[in-house]
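Here are my notes on this one, for when you have a moment to look. Keep the viewer open while you read.

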Amino acid sequence: MDISVIIPYHNEGILLLRALDSVYAQEFSGSVEVVVVDDASYVKPPLASKPRFPTRVVRSDTSLFAAGARNRGVPDSNG
């Protein structure tokens, strides 16, 4: 992977979908992956049915907040 986009998520599905739409709209020609970090949410993160880039969810069982959630996503990224 050339680029990994790590997106923290906590119960705000509409905001996550907006963030994913923004990433999928990019015109970068290299390889991209998206890692959504579910930061101990009680609402499952909504994902696009046909994402433009490979997208996966990793979950934290305790709330790490935004910075901690981004750091949690680093070991699960390849870019």
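1. First, the ground rules. This is a predicted model, where local features need pLDDT of at least 70, side-chain atom pairs count only at pLDDT 80 or more, and totals for chains, interfaces and linings use all residues. Residues are numbered from 1 along each chain as its sequence is written, and side-chain values use heavy atoms, with hydrogens and water left out.

2. Start with the largest nonpolar core, which has 10 residues, among them Ile-7, Leu-16, Val-23, Val-34 and Phe-53. Strand E1 (3–9), helix H1 (13–24) and strand E2 (32–39) each put in at least two residues, and H1 gives the largest share, 4 residues. (Nonpolar core: buried Ala, Val, Leu, Ile, Met, Phe, Trp, Tyr and Cys joined through side-chain atoms within 4.5 Å; helices, H or I, of at least four residues and strands, E, of at least two are DSSP runs numbered from the N terminus.)

3. Residues up to four places away in sequence aside, Phe-53 touches Val-23, Tyr-24, Val-32 and Val-34 (contact: heavy atoms within 4.5 Å).

4. The whole structure has 4 salt bridges (a side-chain nitrogen of Lys or Arg within 4 Å of a carboxyl oxygen of Asp or Glu). One of them pairs Glu-33 with Arg-56 at 3.0 Å, N to O. This pair links distant parts of the chain, with Glu-33 in strand E2 and Arg-56 in strand E3, 23 residues apart. Glu-33 counts as buried because its relative accessibility is 1%, while Arg-56 is partly exposed at 30% (buried is under 20% relative accessible area, exposed over 50%, partly exposed in between; 1.4 Å probe, protein chains only).

5. Asp-38 and Arg-59 also meet in a salt bridge, at 3.2 Å, N to O. Again distant parts are linked: Asp-38 sits in E2 and Arg-59 in E3, 21 residues apart. Asp-38 is buried at 6%; Arg-59, at 40%, is partly exposed.

6. Arg-72 bridges to Asp-76, with the closest N and O atoms 2.3 Å apart. Shared partners also join Asp-38, Arg-59 and Asp-61 into one salt-bridge network.

7. Finally, check phi. Most residues other than glycine have a negative phi. Ala-40 has a positive one of about 55°, in the loop between E2 and strand E3 (55–60). Phe-65 has a positive phi near 65° and lies in helix H2 (residues 65–73); at 63% relative accessibility, Phe-65 counts as exposed.
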